[in-house]
Amino acid sequence: MNQGRRPLKPDESILLDFESHLLLERSLSGNTVKAYGVDVRHLLEFLNSTGLKLTDVTTDHLHTFLSTLHDLGISARSQARLIAGVRSFFRFLGLEGYIVSDPAELLESPSLGRDLPDVLTVEEIDAMIAALPAGKEETPRNHAIIETIYGSGLRVSELCDARLSRLNLDDALLIVEGKGSKQRIVPLSPAAVSLITDYLPQRARLNIKPAGRDTIFLNRRGAPLTRVMVFYIIRDLAAMAGIKKTVSPHTLRHSFATHLLEGGANLRAIQEMLGHESIATTELYLHLDRSRLRRELLEHHPHFRVD
């Protein structure tokens, strides 16, 4: 256990000192300083959630933190950058006399992210949307599908099982059922609300099968879409947009998580939105949770921002 030689300042104060150090003494670019600041904020959130002080951090604690990012599906590129930011931060703490030994000195970039799908840039996702063929019957549905997966981080199974009875367009909310039959509320982006609203009249004109009566997204025959069908929709659109990466519905989910992390969203909020932990079902908690998660999305998700 490390014992700091100087008393620790509050998190925000020490973070401001770190950013000033990067800018003035290491002459890093403003973008790099901002990115490292975001990375260290994620680390501080993690430490606060576990009750650890900076002076108590070990290399094992840092590996646990990085494993959390892996579990969220954060891209390998983002993980590598975050490791660089964390290393710089602990070097700074040592230089300033806050810690005696550096727990990040022996921190190796673990083999995280190798099995994760590629992550799309915001521009690539926009290119997929632009590649949707105008005038085709399935285009409104497919546009709504892309925006719903990327805007809310849904699993493909959650999208295929999404119910009209659990959709609230007025409040821009959808209740989905994830792994282990656990339900959670996800905010919908303004674009998703608009696109689903436009798609529903078209859906109503289908010869809807009994199995599809409460399902939002249907095929031409009025039956629920399968996961394989959604996979082909996403894959083919990526090819039409000229994207060479391996793209699947899961790619959009991982892009959702990565873009939120890189934008500075709270790790706990990302975990909840991805459905990695169940959300309590009391009305009060749901109300508070909706507001907080929507605030994170409005501040940090590219398709929620209003310029």
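Select alanine 172 in this predicted model: it adopts a positive phi near 55 degrees, within the hairpin of strand 1 and strand 2, where 4 residues lie between the strands.

Next, highlight residues 167-168 and residues 173-177, which are strand 1 and strand 2 respectively; the two run antiparallel and are joined by 2 bridges. Within this pairing, asparagine 168 is placed opposite leucine 173 of strand 2.

Keep leucine 173 selected and turn to the other partner strand. Which residue of strand 3 is the bridge partner of leucine 173? The partner is proline 187. Extending the selection to residues 183-187 shows the whole of strand 3, which pairs with strand 2 in the antiparallel sense through 5 bridges. These two strands also form a hairpin, with 5 residues between them. In its turn, select glycine 180, whose phi is positive, at about 65 degrees.

Rolling a probe the size of a water molecule over the atoms shows where empty space is left. To display its lining, select Glu137, Glu138, Arg141, Tyr199, Gln202, Arg203, Leu206, Leu218, Asn219 and Arg220. Colouring these by class gives 5 charged, 3 nonpolar and 2 polar residues. Finally, show helix 8 (residues 190-204), which supplies the largest share of this lining, with 3 residues.

Technical notes:
Residues are numbered from 1 along each chain as its sequence is written. This is a predicted model: local features need pLDDT of at least 70, side-chain atom pairs count only at pLDDT 80 or more; totals for chains, interfaces and linings use all residues. Side-chain values use heavy atoms; hydrogens and water are left out. On a 1 Å grid over the protein atoms alone, a cavity is a set of points where a 1.4 Å probe fits but cannot get out, and a pocket is an open set with protein on both sides within 12 Å along at least five of seven lines; lining residues have an atom within 4 Å of a point. Ala, Val, Leu, Ile, Met, Phe, Trp, Tyr, Cys and Pro count as nonpolar, Asp, Glu, Lys and Arg as charged, and the others, Gly among them, as polar. Two strands pair if DSSP finds at least two bridges between them.
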